[in-house]
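The sequence and coordinates are shown below.

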Amino acid sequence: MQRCFQLALLGSGHVAPNPMVGAVLVHNDRIIGEGFHRKYGEAHAEVNCISSVASSSQHLVCKSTLYVSLEPCTHYGKTPPCADLIIKNAIKNVVIGCTDPFEKVNGSGIEKLAAAGINVVPGLLEAEALALNKRFFTFHQKQRPYIILKWAQSNNYKIADGLQRTYISHEYTNMLVHKWRSEEGAIMAGTNTVLQDDPSLTTRLWPGNNPLRIIIDRHLKIPEEAAVMKDDLPIIILNTIKHEEKGEKLFYRTGEADDLLAVTLNLLHQRNITSLIVEGGAVLLQSFIDSGLWDEARIITNKEMYIEEGTAAPLLNDSHLSDTISSGSDQVQFFTNDNTGR
């Protein structure tokens, strides 16, 4: 099952809104096949796993145990049901990491396999299996994307020095941030951040997909020559002035009194975006925190930087520290929300 998790992660950034899934076929403690879901719309992990078995070992498939990190599907989507493939290949034992909460599966895969006489063992390393697809599970169970907050701060908890752009994290940490972006479906920032920092909000420092950019710009203050407006990558600008689509740019009009967080999350859910990383300023980040609408926070602290006058960093609540790593003078802390009811 640990190998299933390793394989599944190879699909990170490529399979959403589907979950990441890995599968391993074992005969007498020897792996004879393995596979993972590589890209949305393409073959699932179980298909790739069974297809990978060498011709000389094909006769062993029906005598093997299939390990899969997530319950096999039973519905016709972009690909046929994996449960049917397992039954067709007469695999006698299937070990599953966790069930699939998607309404078209949600236990039906286990039931179908068991009804066909297959010995099904669910819940092996279940906590790890659930953590692997936290984005997918949050999306289906809470009807919103998994939300990650990210900011960089000085050693005295300032995120900006006055009104000028402030470079806090160093180049290696910046590469890590771009890797994070490549793993998420969307990225969000506010007007002031775009006006002050002129970010591209892309993955130019890391090979991978660019997330859909979401900009809150109520009164359309961001100029056309801003980096996020000049390129041809997808972007949604939430504003109160116009509703217009220009190529990959969507100006999405909201009401003055609308709850922009609710509007944003609903819009992303409608578009099957399963995760959002928020890199806005202190006000935008704090609004997510105060609303309880966050799942994870990643805080980069430059231990050698001190900003005497500047913008104070957001304050987390209901959180606990889950991990810490170091990158030169930068310390990166990972927090999870202890109260994720929303």
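## Strand pairing and the open sheet

In this predicted model, strand β1, residues 22-27, pairs with strand β3, residues 65-70, in the antiparallel sense, and four bridges join the two. Within this pairing, Val26 has Thr65 of β3 as its bridge partner.

Both strands belong to an open sheet of five strands with mixed pairing, in the order β2-β1-β3-β4-β5. The edges are formed by β2 (30-36) and β5 (119-122); each has a single partner strand, so one side of each has no neighbour in the sheet. From one strand to the next, the twist averages 15°. Helix α4, residues 108-115, lies across β4 (93-98) and β5, and runs at about 155° to β5.

## Cysteines

How many disulfides does a search of the whole structure find? The search returns zero. For Cys49, which is in no disulfide, the nearest cysteine sulfur is that of Cys4, 7.7 Å away. Cys49 counts as buried, because its relative accessibility is 0%.

The sulfur of Cys73 has its closest cysteine sulfur in Cys82, at 3.8 Å. A disulfide requires the two sulfur atoms to lie within 2.5 Å, so the separation of Cys73 and Cys82 is too far for a bond. Cys73 is also buried, with a relative accessible area of 6%.

## Aromatic pairs

Two aromatic pairs are found in a search of the whole structure. One of them joins Phe136 and Phe137 in an edge-to-face arrangement, with 5.8 Å centre to centre and 65° between the planes. Phe136 counts as buried at 5% relative accessibility, and Phe137 counts as buried at 5% relative accessibility.

Trp180 and Phe334 also form an edge-to-face pair, at 6.0 Å centre to centre and with 75° between the planes. Trp180 belongs to helix α7 (residues 171-182) and Phe334 to strand β17 (residues 330-337), so this pair ties together parts that lie 154 residues apart in sequence. Both Trp180 and Phe334 are buried.

## Charges over rings

Trp180 has a further contact to consider: Arg298 lies over its face, 4.9 Å from the ring centre. Elsewhere, the charged end of Lys242 sits over the ring of Phe251, at 4.2 Å from the centre of that ring.

Key:
Residues numbered from 1 in each chain as written. Predicted model: local features only at pLDDT ≥ 70, side-chain atom pairs only at ≥ 80, totals over all residues. Heavy atoms only, no water. Pairing = 2+ DSSP bridges. Axes fitted to C-alpha atoms, helices over the stretch in contact; angles between N-to-C directions. Contact = heavy atoms within 4.5 Å. Buried < 20%, exposed > 50% of the residue type's maximum accessible area, 1.4 Å probe, protein only. Phe/Tyr/Trp six-rings, centres within 6.5 Å; stacked < 30°, edge-to-face > 60°. Lys NZ or Arg CZ within 6 Å of the ring centre and 35° of its normal.
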